[in-house]
Amino acid sequence: QVQLVESGGGLVQPGGSLRLSCVVSGSIFSIFAMRWFRQAPGKQRELVAAFTNGGTTNYADSVKGRFTISRDNDAKTVYLQMNNLKLEDTAVYYCNIAATDYWGQGTQVTVSS
C-alpha cells in the first residue's frame with residue numbers, strides 16, 4: 001500500500017516562502033519520478049515541478065527561479081521550496097508518483113496581503 005501525505009502549506013504574504021513536504025510510505029519511492037502539481041479554484045490541475053526517472057528536474061515556466069524540488073530518499077520525502085511567492089501561486093498543492101494514480105490529499109497554499 002502506497003500513501004502520500006503532504007504538509008507545509010499555509011498563509012503567507014507576497015514575497016514570502018514556504019516549504020512543502022510529501023512523505024511517501026511504501027517501497028516504490030526510490031524508483032519512481034516524483035512530481036508536484038497544484039490546482040487553483042476554477043482551474044485545471046497543473047504540473048509545477050518534477051523529477052524525471054533520469055533524476056533531472058523540470059519546472060513550469062511560471063515558477064522557474066522561485067521553486068525548487070528536492071528529495072531525501074532515506075526519508076522517503078520530496079520537498080518543494082517556494083520562494084518569492086506571488087498571489088497567483090495560491091492553490092492546493094499535490095504530490096504524485098509519475099505514471100501512477102498515487103496522489104496525496106493536498107495542502108493549501110494561500111498567498112495574500
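One definition to begin. Buried means under 20% relative accessible area, exposed means over 50%, and partly exposed is in between, using a 1.4 Å probe on protein chains only. A second one goes with it: helices (H or I, at least four residues) and strands (E, at least two) are DSSP runs, numbered from the N terminus.

Now the ground rules. This is a predicted model, where local features need pLDDT of at least 70, side-chain atom pairs count only at pLDDT 80 or more, and totals for chains, interfaces and linings use all residues. Residues are numbered from 1 along each chain as its sequence is written, and side-chain values use heavy atoms, with hydrogens and water left out.

Start with E10. Its covered face holds Thr107, Val109 and Val111. Its uncovered face holds Gln108 and Thr110.

Which strands pair with E10? Strand E2, residues 10-12, pairs with E10 in the parallel sense over 3 bridges. Pairing here requires that DSSP finds at least two bridges between the strands. Gly10 has Val109 as its bridge partner in E10. E9 also pairs with E10, antiparallel, over 3 bridges.

Step back to the whole chain. How many helices and strands are there? The protein chain has 0 helices and 10 strands. From the N terminus, the order is simply β-β-β-β-β-β-β-β-β-β. Of the 113 residues, 42% count as buried. The C-alpha atoms fill a box of roughly 40 × 25 × 25 Å along the principal axes. For 113 residues, a compact globule would have a radius of gyration near 13 Å, and this chain has 13 Å, so the two agree. That radius is taken over C-alpha atoms, and the globule rule is 2.2 Å times the number of residues to the power 0.38.

Contacts next. Contact means heavy atoms within 4.5 Å. Among contacts with a separation of 6 or more, 54% are between residues 24 or more positions apart.

On to the core. A nonpolar core is a set of buried Ala, Val, Leu, Ile, Met, Phe, Trp, Tyr and Cys residues joined through side-chain atoms within 4.5 Å. The largest one has 27 residues. Which members touch the most others? Leu4, Cys22, Trp36, Phe67, Leu80, Met82 and Tyr93. Strands giving two or more residues to this core include E3 (18-25), E5 (46-51) and E8 (77-82).

Take Cys22. Opposite Cys22 in E3 stands Glu6. Strand E1, residues 3-7, pairs with E3 in the antiparallel sense over 5 bridges. Cys22 also stands opposite Val78 in E8. E3 and E8 run antiparallel, joined by 6 bridges. Leave aside neighbours within four places in sequence, and Cys22 is in contact with Leu4, Val5, Glu6, Met34, Trp36, Lys76, Thr77, Val78 and Cys95.

Now Val48. Val48 sits in strand E5. Buried or exposed? Val48 is buried, at a relative accessible area of 1%. Not counting residues up to four places away, its contacts include Trp36, Phe67, Leu80 and Tyr93. Val48 and Tyr94 are 46 residues apart along the chain, with C-alpha atoms separated by 9.6 Å.

Tyr94 brings us to the rings. There are 2 aromatic pairs. In one, the Tyr94 and Trp103 ring centres are 6.5 Å apart and the planes are at 85°, so that pair is edge-to-face. The cut-offs: rings of Phe, Tyr and Trp (its six-membered ring) pair if their centres lie within 6.5 Å, with planes under 30 degrees apart counted as stacked, over 60 as edge-to-face and the rest as tilted. Ring pairs link Phe37, Tyr94 and Trp103 into a cluster. Tyr94 is buried, at 14%. Trp103 is partly exposed, at 31%.

Charges over rings, quickly. That needs NZ of Lys or CZ of Arg within 6 Å of the ring centre and within 35 degrees of the ring normal. Arg45 lies over the face of Trp103, 4.7 Å from the ring centre. Arg71 lies over the face of Phe51, at 5.1 Å.

Last, two loop residues. Lys76 is in the loop between E7 and E8, with a positive phi near 50°. Asn84 is in the loop between E8 and E9, with a positive phi of about 50°. Lys76 is partly exposed at 31%, and Asn84 is partly exposed at 43%.
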